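Student: Could you walk me through reading a strand in its surroundings, with the structure on screen?

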Amino acid sequence: MIDIRKVHKTYNRGKANQVDAVRGVDLKIGEQEFLVIVGSNGSGKTTLLNLVAGSVLPSSGTIHIEGNDVTKLADYRRSEWIARVFQNPLSGTAPDLSILDNFRLAAIRTKPKGLSIGISDKFKKQVKDKISTLGMGLENKTEQLMGTLSGGQRQALTLLMSVMDTCKILLLDEPTAALDPRSADIVMKTADRLIADFKLTAILVTHNLKDAFNYGNRIIQMGEGEILNDLKGADKSALKQSDLFDWFG
Ligand SMILES: Nc1ncnc2c1ncn2[C@@H]1O[C@H](COP(=O)(O)OP(=O)(O)OP(=O)(O)O)[C@@H](O)[C@H]1O
């Protein structure tokens with residue numbers, strides 16, 4: 001699904017503040033794999049996620065998605081495959097539009113320019129049904145402006161919107177870092193359910209070792225731009241929470 005080959009990313013090459021953020025990473029992520037990335041601050045996790053998203057381009061190496069060479073493709077040209085949820089709940093939604101209008105925009109994200117989707121009763125019902133699965137009582141507030149909701153409510157809705165369209169890859173960049181524990185729990189459970197329901201390939205960057213332990217079917221640890229540990233399937237399931245803490249020992 002995603003094939004990262006010998007990828008390096010150097011920021012500020014040749015300057016005093018040069019940083020080798022990602023150093024020769026080789027990583028193949030299979031279809032429907034849910035990969036969790038952990039690692040200490042500055043270890044290159046977000047850079048690796050940005051390289052997959054296309055918001056950062058590699059200094060060398062190649063990236064393929066479903067066999068297509070996307071190494072030099074900008075992020076907006078990868079949107080047919082990729083949806084992304086950021087740490088900041090404000091970044092995924094339009095605050096001055098209603099919940100319903102935000103969902104309408106999400107539904108036409110990758111459609112040809114000029115195509116419009118009116119808000120039919122059928123569309124409204126679809127959106128309400130989806131929102132009711134969150135168990136946050138937001139299905140009766142679809143006319144409310146997105147900007148008036150809490151961070152947790154917005155983040156949960158951002159997740160739902162990200163799968164309104166035909167994306168295959170979901171990138172989650174510390175999606176719960178700014179949330180209280182209850183909202184964080186709802187957002188992670190929603191992400192997990194959507195990833196399974198829509199058979200998505202997913203990458204989660206997190207500092208929360210409990211989430212890293214509970215979610216995903218593969219985990220890698222990054223350190224100084226390299227992959228230090230990589231456990232899949234049964235090996236990930238056999239991992240104990242204390243082992244994970246030991247990685248950071
Ligand atoms: N745009 C940039 N320009 C210059 N240096 C950068 C840039 N983005 C990241 N870096 C540097 O690259 C290194 C890796 O950063 P990155 O954000 O990928 O790490 P991270 O593991 O996600 O860190 P954190 O856990 O703190 O979010 C760091 O030394 C960082 O300062």
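Tutor: Strands here are DSSP E runs of at least two residues, helices H or I runs of at least four, numbered from the N terminus. This is a predicted model, where local features need pLDDT of at least 70 and side-chain atom pairs 80 or more, while totals for chains, interfaces and linings use all residues. Residues are numbered from 1 along each chain as its sequence is written.

Student: Which residues of β8 lie on each side?

Tutor: Thr201, Ile203 and Val205 share one side, Ala202 and Leu204 the other, and all are buried.

Student: Which strands are joined to β8 by bridges?

Tutor: Strands pair if DSSP finds at least two bridges between them. β3 (residues 34-39) runs parallel to β8 (residues 201-205), with four bridges; Leu35 partners Ile203, and Ile37 partners Val205. β7 (residues 169-173) is also parallel to β8, joined by five bridges, and Leu170 stands opposite Ala202. From β7 the chain passes through α5 to β8 in a right-handed β-α-β crossover (clockwise from the first strand over the helix to the second, with the strands pointing away from the viewer).

Student: What is the order of strands in the sheet?

Tutor: The open, mixed sheet has six strands, ordered β6-β7-β8-β3-β9-β10. β6 (82-85) and β10 (226-232) each have a single partner strand, so one side of each lacks a neighbour in the sheet.

How values were computed. A residue is buried if 20 or more other C-beta atoms lie within 10 Å of its own, exposed if 12 or fewer, and partly exposed in between; C-beta atoms are placed from the backbone.
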